[in-house]
Amino acid sequence: MSSGRITRVDEPDEIDEPWSVETTLATALDLFRADVTRFVGLAALPLLAISVISLPFAFFLPSLGEDGISGRLSTAFVAGLTLALVIVLGAPLGRAALLEAGHPTPPIAWPRMLAVGATVGAICGLGLALWLLPGLVAAVLLYSVPVVALATGNSPVEAVREALQLTARHPGPVLVWAVLALMMTFAGGCLCLIGFLAAYPVATLGSALTYRTTCRTTR
């Protein structure tokens, strides 16, 4: 009888092409353009959650963005909550990206993804509460955790461990894409709806492609 937990799906076939920023970005853009409507629709879910749930906190937390302990805690809380919502509601987009990248992916286990979102959001929020740099470092190091969790079906702790191990084995591809993806998503968010709805799917597709390439070349 199955325990209900998927530790690993079947590994995809080997690929010969090495990872590069240019190839990953170009492939992600091609995949996005091939099915714009679906990817924009999937990206709209976390954007709606941010607008409805996270942004109102700015009006109830007067210390948000201020210097001092209370300001850092308020900023960390909102940032952690927003990140958790994006991870959880972005799970359908992440799974679609993995499937488009050619990686076998189990169905979404929503309670597990909720735990993954809460874990990553809490770690990054704690880093921001300490100071800006630890929060940014945590965001970069943990950027691939949602993709790993979706691809393997592992628990939050196991997904964090595997993501860090993947980063240690392939620091170039994983870290470079994490920084680029965060920059793209942030820039897209600054351009409001249109920018985010394009940047977030492309960043997620690139993350799936990066995971597909690095996990194959690890074997």
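**Figure 1. G206 in helix α11 of the predicted model.** G206 lies in helix α11, which spans residues 192-218. The model shown here and in the other views is predicted. With a relative accessible area of 0%, G206 is buried, because buried means under 20% relative accessible area. Once neighbours within four places in sequence are set aside, the residues in contact with G206 are T24, A28 and W177. T24 is 182 residues from G206 in sequence, yet the two C-alpha atoms are 5.8 Å apart in space.

**Figure 2. L141 in helix α7.** L141 is placed in helix α7. Its relative accessible area is 33%, so L141 is partly exposed; the range for that class lies between the 20% limit for buried and the 50% limit for exposed. Apart from neighbours within four places in sequence, L141 is in contact with L164, T167 and L175. A178 is 37 residues from L141 along the chain, and the C-alpha atoms of these two residues are separated by 7.8 Å.

**Figure 3. S144 in the loop between α7 and α8.** S144 belongs to the loop that lies between α7 and α8. This residue is buried, with a relative accessible area of 14%. Not counting residues up to four places away in sequence, S144 touches A163 and V174.

**Figure 4. The contact of helices α6 and α7.** Helix α6 covers residues 110-130 and helix α7 covers residues 132-141; their axes come within 5 Å and cross at roughly 155 degrees. Angles over 145 degrees count as roughly antiparallel, and α6 and α7 are therefore roughly antiparallel to each other. On the α6 side, the contact uses I123, C124, G127 and L128, which meet L132, P134, G135, A138 and A139 of α7. By class, the residues of this contact are 7 nonpolar, 2 polar and no charged.

**Figure 5. The contact of helices α5 and α8.** The axes of α5 (residues 91-100) and α8 (residues 145-152) come within 10 Å, crossing at roughly 70 degrees. That angle makes α5 roughly perpendicular to α8, because angles of 65 to 115 degrees are assigned to that class. The crossing of these two helices is right-handed. From α5, the contact is made by A91, G94, R95 and L98; from α8, by V147, L150 and A151. The residues of the contact of α5 with α8 comprise 5 nonpolar, 1 polar and 1 charged.

**Figure 6. The whole chain and its confidence.** The protein chain has 11 helices and 0 strands. Of its 219 residues, 46% count as buried. Among contacts between residues at least 6 apart in sequence, 75% join residues at least 24 apart. The mean pLDDT of the chain is 82, and 81% of the residues score at least 70. Confidence is highest in α5, at 95, and lowest in helix α3 (residues 57-60), where the mean is 59. Over residues 1-16, pLDDT stays under 50; for this stretch the model has 32 contacts beyond four places in sequence.

Definitions and conventions: Residues numbered from 1 in each chain as written. Predicted model: local features only at pLDDT ≥ 70, side-chain atom pairs only at ≥ 80, totals over all residues. Heavy atoms only, no water. Axes fitted to C-alpha atoms, helices over the stretch in contact; angles between N-to-C directions. Helix = DSSP H or I, 4+ residues; strand = E, 2+ residues; numbered from the N terminus. Parallel < 35°, antiparallel > 145°, perpendicular 65-115°, else oblique. Left-handed = near helix turned anticlockwise from the far one by under 90°. Contact = heavy atoms within 4.5 Å. Nonpolar A, V, L, I, M, F, W, Y, C, P; charged D, E, K, R; others polar. pLDDT = per-residue confidence, 0-100. Buried < 20%, exposed > 50% of the residue type's maximum accessible area, 1.4 Å probe, protein only.
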